[in-house]
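Here is a short briefing on one protein model. Look at the structure first, then read the points in order.

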Amino acid sequence: MTIKVFLAEEEIPRQWYNLAADLPTPLQPPLGPDGNPVGPEMLAPVFPMNLIEQEVSQERWIDIPDGVLELLYRWRPSPLHRAVHLEQALNTPAKIYYKNESISPAGSHKPNTAVAQAWYNKEFGIKKLTTETGAGQWGSALSFACSLIGLECKVFMVRISFDQKPMRKLMMQAWGGHCVASPSEETAAGREILAKHPDTPGSLGIAISEAVEQAVSDESGETRYSLGSVLNHVMLHQTIIGLEAKKQLAKIGESKVDVVIGCAGGGSNFAGLAFPFINDKINGAQIEVIPVEPTSCPTMTRAPFAYDHGDVANMTPLLPMHTLGHQFIPPPIHAGGLRYHGMAPLVSQTIVEGLCAPRAIHQVECYEAALTFAKTEGIIAAPETSHAIAAAIQEADKAREEGKEKTILFNLSGHGLMDLNGYQLYFNNALTDYALPEEEIQKSLDTIKNYPQPSVAKTGKW
Ligand SMILES: *Cc1c(COP(=O)(O)O)cnc(C)c1O
């Protein structure tokens, strides 16, 4: 029995898939502070024009430049695994496949977009990228990408993670990235917060504000900002995951997938695996598509589809998305990458349309699933990824109860070797399940209730 499927380098997909071209109900535009749509030129101080063009593109297929492919070849194509040992342990008639994105140098799917963004910035004449990072996964992926291509990389890392997670910081340093704790003295936004709250633990919102400010205030014009999820061009770059998976499934004669699963923080690894399959679904295929989030940060399962900012400081345009409100501070669960208040507009639109069915799972069940996976398949997954594993196990259990042979595919978005402290808390019984009270969600949503409303349009086909 085949348990790993590889593609040769020359079999790598040469185009990314852009779901925006096929959405049955079109994506609504980002809005500026005046409530009018934001044009490409307004984004020019923040992103290079070649990426802005991708952000607004309606082309179905976008060529991957040879220069980007050369960078991706360092670890791609990534293997597709059949989780036979997990299947046996679960005694399920289902076949479980997973795409292994943990084998990238930074340990997750994030380098797929990091190398593409670094390449396009370099092409555009940019010398330096700024970004923010929470737990450090994105900061290390972008540092890695910049080191390959010869760009300076500056990372604003949320203070509390900077102090508590020194290993990711060292990874950034090894790749030549320059990581500072946020808030910092380097920006007006940082100084203002430090003056008021010298002991603040920081937040992703503050770090975004600092990174954007530093990019747009560089008078040489040679600095831009980079974001690791949420935006359309990031979803696009990640579709190489699903496109490879399709080729791999075809190679072993697997003609039909029944369930596609990914964990979703900003939505990029889920979109990367799922969008090529959602294309099939739009064209008539029967596929269940499940993005999975933590019960404690229920953006897709309990929050409305609304216009909201991507950051706390209102630096970003208003995006049409599922959102808990940009001032929402999720409880400290250990899947740092899933603690975002919003969801990618493209993913949100597929939820509105009914093309995917989001699910929320408690963290204790996720750690249990991750340990079952570690003891059968061997890989210790990232806490974020454990949400996808838990949903795959739920589906495999359902298949056993229903006596159905199903094919399940999930994305193994990253390994957890840098995040073992979450496992430690689990072993010490120090993790609890936390369902967010409805009042807390409402309180947070009150802060955006006067914003423009997107239309919640759908065809009703799904
Ligand atoms: C960042 C991260 C995520 C969440 O981000 P998405 O944009 O939703 O994919 C999930 N898994 C891992 C391993 C991550 O590093």
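This is a predicted model: local features need pLDDT of at least 70, side-chain atom pairs count only at pLDDT 80 or more; totals for chains, interfaces and linings use all residues.

Residues are numbered from 1 along each chain as its sequence is written. Helices (H or I, at least four residues) and strands (E, at least two) are DSSP runs, numbered from the N terminus.

**Domains**

- The domain assignment gives domain 1 (4-15 + 60-107 + 232-446) and domain 2 (111-225). Such bounds come from an automatic or database domain assignment.
- The C-alpha centres of the two domains lie 25 Å apart.
- In domain 1, 23 residues are in contact with 22 residues of domain 2. Contact means that the C-beta atoms of two residues, placed from the backbone, lie within 7 Å.
- On the domain 1 side, α3 (66-72), α11 (232-238), α12 (240-251) and α13 (268-282) are the elements that give two or more residues. Of these, α3 gives the most, with four residues.
- That side of domain 1 divides into 13 nonpolar, nine polar and one charged. Ala, Val, Leu, Ile, Met, Phe, Trp, Tyr, Cys and Pro count as nonpolar, Asp, Glu, Lys and Arg as charged, and the others, Gly among them, as polar.

**Ligand shell**

- Of the 19 residues around the ligand, Ser-229, Gly-265, Ser-268, Gly-337 and Gly-414 come nearest. A residue counts as near if its C-beta atom, placed from the backbone, lies within 6 Å.
- Helix α13 supplies the largest share of the shell, three residues.
- The shell holds five nonpolar, twelve polar and two charged residues.

**Helices α12 and α13**

- These two pack at an angle of about 60°, with their axes 6 Å apart. Axes are lines fitted to C-alpha atoms, for helices over the stretch in contact, and angles run from 0 to 180 degrees between N-to-C directions.
- That angle makes α12 oblique to α13. Angles under 35 degrees count as roughly parallel, over 145 as roughly antiparallel, 65 to 115 as roughly perpendicular and the rest as oblique.
- Residues of α12, including Ile-241 and Leu-243, meet residues of α13, including Leu-273 and Phe-277.
- The contact divides into eight nonpolar, two polar and one charged.

**Helices α5 and α6**

- Helix α5 (residues 111-123) and helix α6 (residues 137-149) pack at about 45°, with their axes 8 Å apart. So α5 is oblique to α6.
- Among the residues in contact are Trp-119 of α5 and Phe-144 of α6.
- This contact has twelve nonpolar residues, no polar and one charged.
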